[in-house]
Amino acid sequence: MKSLLKIIRRYSLMVGLIIFIILFCNAGVLVGITYMAGRGIEAQDYGRKSMELTGKELLREKEGVVISEKGMEILEDTDFVWAMALDGKGRAVWEWNLPDDIPRSYTLQDVSGFSRWYLKDYPVRTWKSGEWLLVFGCDKESVVRHDMIMSIEMFEFLPVYMKAIVLINLVIIAVFIVGFGFRSYHALRPVAEGIEKLSLGGATDIPENGALEEIAKELNLVSRKLEEQQRALAKRDEARTEWIAGVSHDIRTPLSLIMAYSDQLAKDENLGGKNKNIAENMKKQSLIIRQLIADLNLTSKLAFQAQPLKKKICSPAALLRDCVAEFYNGQTEWGPDSESISPVLDDLHTVEIIVGKEAESIRITADEGLIRRAVRNLIGNSIRHNKEGCHVTVTLSVREDKICWRIEDTGSGIPEIVVQNIDRPDSEVHIMGLRLAFQIAKAHGGELTFIRREGGSYDVEFSVEREV
């Protein structure tokens with residue numbers, strides 16, 4: 001669900017960013033309009049100035065009203081397209097570029113009309129200069145005349161209205177963000193929950209409706225396929241476990257007979273020395289086969305959680321000492337990787353125990369038989385693969401919520417290829433003893449960790465969860 005909230009948060013931030021950009025652009029447009037309006041006001045002031053200067057350049061002479069050369073220059077520099085001067089009776093006493101369709105005489109009602117609006121579709125502006133009323137015509141294609149009247153009360157409250165409009169817009173935006181986010185959350189939540197269930201190995205059945213209908217259908221289809229695969233795998237694993245258990249049971253009886261006969265032959269005083277060696281070798285190889293079957297059966301059960309753990313309170317320190325004592329006393333049966341059984345440590349192999357102060361008194365709840373088997377396998381692994389001799393050091397320590405047995409030796413160490421294939425049952429590398437220790441650690445909430453040496457090989461650390 002955290003990922004879903006993250007999506008909604010990003011969505012809301014994105015929407016907010018888009019709205020901010022829109023508002024920023026609107027503000028930019030408003031500034032631009034304000035600037036252009038200011039330019040328009042400047043132009044309007046300029047036109048007013050031109051009309052005032054033009055009025056001052058009108059002169060009354062004998063032949064009538066004329067304009068000076070300076071006045072003509074002023075007119076030609078303006079944007080007006082024509083101009084005229086009306087006397088007190090509304091007659092045009094002077095004109096400049098006046099079109100033919102523009103009347104030369106006006107009543108008071110005519111003057112009142114075109115001074116506010118248009119004269120023959122020409123936007124016009126007027127200016128009182130002395131005894132004349134000056135009328136200036138603007139270009140039809142470039143100027144629009146508009147007159148707006150606003151009450152004082154409305155003008156005074158205009159800033160308040162603008163703030164209210166901005167506030168209302170922000171509220172509407174917030175409502176849309178929250179609304180769309182809430183709707184998206186409800187649409188995405190079943191999908192997110194379904195994906196989470198699938199990641200945990202469970203099944204899901206999402207309602208196939210709404211905007212995410214196609215995604216829901218695909219997830220449901222994936223869930224059904226995974227269920228079918230899990231059932232098929234469970235059926236296969238169950239058959240495999242049953243087959244291994246059946247084979248182990250069938251081999252046990254004839255193997256016991258072979259071991260009994262070989263033991264009798266080895267003890268027969270009438271048998272020659274060569275035949276006694278053959279009998280001893282038969283006995284040893286029978287023990288290897290028995291150990292192989294036992295390990296194969298156990299690793300199969302641990303792999304499919306079919307091995308019940310017989311947990312009880314035990315001492316890791318005492319357990320370690322017992323395991324090492326078994327090596328020195330010749331009570332250990334070796335695993336399937338060995339070529340022969342060496343019940344007693346020789347002068348070339350030594351085992352040292354280091355137990356920390358806290359580890360000495362600690363107690364755990366675990367399957368003592370399995371823990372003992374894992375520790376024996378790891379110590380025996382160091383001895384088996386260093387026939388020329390080595391010194392093995394086993395350190396027992398407490399680390400946070402774990403009990404750790406660290407096995408180091410002065411020999412060649414564990415090869416890289418073994419480390420890479422420790423959790424691959426289909427691997428061709430024969431490491432059943434190590435893999436069994438790996439599975440036992442995992443069954444007890446711990447792990448099998450490999451510590452790299454400078455030369456590239458590894459030592460190993462076996463840990464289980466500290467549970468009392």
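Which residues in α10 meet which residues in α12? In this predicted model, local features need pLDDT of at least 70 and side-chain atom pairs count only at pLDDT 80 or more, whereas totals for chains, interfaces and linings use all residues. Residues are numbered from 1 along each chain as its sequence is written, and side-chain values use heavy atoms, with hydrogens and water left out.

On the α10 side, Leu370, Ile371, Arg373, Ala374, Asn377, Leu378 and Asn381 meet Gly433, Leu434, Leu436, Ala437 and Ile440 of α12, a contact being heavy atoms within 4.5 Å. The residues of this contact comprise 8 nonpolar, 3 polar and 1 charged; Ala, Val, Leu, Ile, Met, Phe, Trp, Tyr, Cys and Pro count as nonpolar, Asp, Glu, Lys and Arg as charged, and the others, Gly among them, as polar. The axes of α10 and α12 (residues 432-443) come within 9 Å and cross at roughly 145°, where axes are lines fitted to C-alpha atoms over the stretch in contact and angles run from 0 to 180 degrees between N-to-C directions.

The largest nonpolar core holds 42 residues, of which Ile371, Ile379, Trp405, Leu448 and Phe462 touch the most other members. Such a core is a set of buried Ala, Val, Leu, Ile, Met, Phe, Trp, Tyr and Cys residues joined through side-chain atoms within 4.5 Å, buried meaning under 20% relative accessible area with a 1.4 Å probe, protein chains only. Helix α10 (residues 368-384) gives the most to this core, with 7 residues. Apart from it lies another core of 14 residues, including Leu58 and Trp94.

Notes. Buried means under 20% relative accessible area, exposed over 50%, partly exposed in between (1.4 Å probe, protein chains only). Helices (H or I, at least four residues) and strands (E, at least two) are DSSP runs, numbered from the N terminus.
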